[in-house]
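Here are my notes on the side-chain contacts, point by point. Have the model open while you read.

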Amino acid sequence: GPLCVKSDFVLTPVVVQLIRMLTERERTIADAHAHLMLESMADYLAQSLSHEYGSSAEALNRTLFDSLTQYIAQNIVSPQLSATSVAAAIGVSVRTVHRLFKRFSDSSFEQYVIQRRLLLAKQSLVSGANTSVSDAAFAAGFNDLWHFTRRFSANFGIKPSSLIVRR
């Protein structure tokens, strides 16, 4: 259910003022600015409440992170996969996606996605599921062959073409 913030919570006046400002008709704020303000406030509140409520907030954050990684795994081959698309699908801000990766992962969101895609491409080349570097790259969600080849070589120390199964 919804989280109730006590009236004596230190940020309650700030939240009330922000809501008033965003809903008053005489003060119009562009949608993009309103969205940014609300997103920032939500992230700040989440961090503040996690200090106040401790382990239950930590458990919620862990659950959100698990949802993020599950969504990524299910959509890893989509070239449109991004922090923005993941945030929208899970119902959190982009900043929250990055904050959760910083908290629960050894890598950034981008590094995490690229690593998963590289492993997927490598598996497809080794198994023979893809018989060309471009097929493996595009099937793993990359949309730039040069970028894929450069990342693959840097990550595994070999060229992806060296893994093509010759039949």
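**Notes on rings and charges**

1. Let's start inside: phenylalanine 65 and phenylalanine 104 are both buried. Here buried means under 20% relative accessible area, exposed means over 50%, and partly exposed is in between, using a 1.4 Å probe and protein chains only. Their ring centres are 5.6 Å apart and the planes meet at 35°, so this pair is tilted. For the terms: rings of Phe, Tyr and Trp (its six-membered ring) pair if their centres lie within 6.5 Å, and planes under 30 degrees apart are stacked, over 60 edge-to-face, the rest tilted.

2. Before going on, a word on the source: this is a predicted model, where local features need pLDDT of at least 70 and side-chain atom pairs count only at pLDDT 80 or more, while totals for chains, interfaces and linings use all residues. Residues are numbered from 1 along each chain as its sequence is written, and side-chain values use heavy atoms, with hydrogens and water left out.

3. What does the Phe pair link? Phenylalanine 65 is in helix α3 and phenylalanine 104 in helix α5 (residues 94-104), so the pair ties together parts 39 residues apart in sequence. Helices (H or I, at least four residues) are DSSP runs, numbered from the N terminus.

4. The structure has 7 aromatic pairs. One aromatic cluster is made up of Phe65, Phe101, Phe104, Phe109 and Tyr112.

5. Two arginines are worth a look here. The charged end of arginine 103 sits over the ring of phenylalanine 104, 5.0 Å from its centre, and that of arginine 116 sits over the ring of tyrosine 112, at 3.9 Å from the centre. The rule for sitting over a ring: NZ of Lys or CZ of Arg within 6 Å of the ring centre and within 35 degrees of the ring normal.

6. Now the salt bridges, each a side-chain nitrogen of Lys or Arg within 4 Å of a carboxyl oxygen of Asp or Glu. The count is 2. In one, aspartate 66 pairs with arginine 62, with the closest N and O atoms 3.3 Å apart. Both residues lie in helix α3 (residues 55-75), 4 residues apart, about one turn of the helix. Aspartate 66 is partly exposed at 35% relative accessible area, and arginine 62 is partly exposed at 37%.

7. Arginine 151 and glutamate 110 also form a salt bridge, 3.8 Å from N to O. Arginine 151 belongs to helix α8 (residues 145-156) and glutamate 110 to helix α6 (residues 109-127), so this pair ties together parts 41 residues apart in sequence.

How values were computed. Helices (H or I, at least four residues) and strands (E, at least two) are DSSP runs, numbered from the N terminus.
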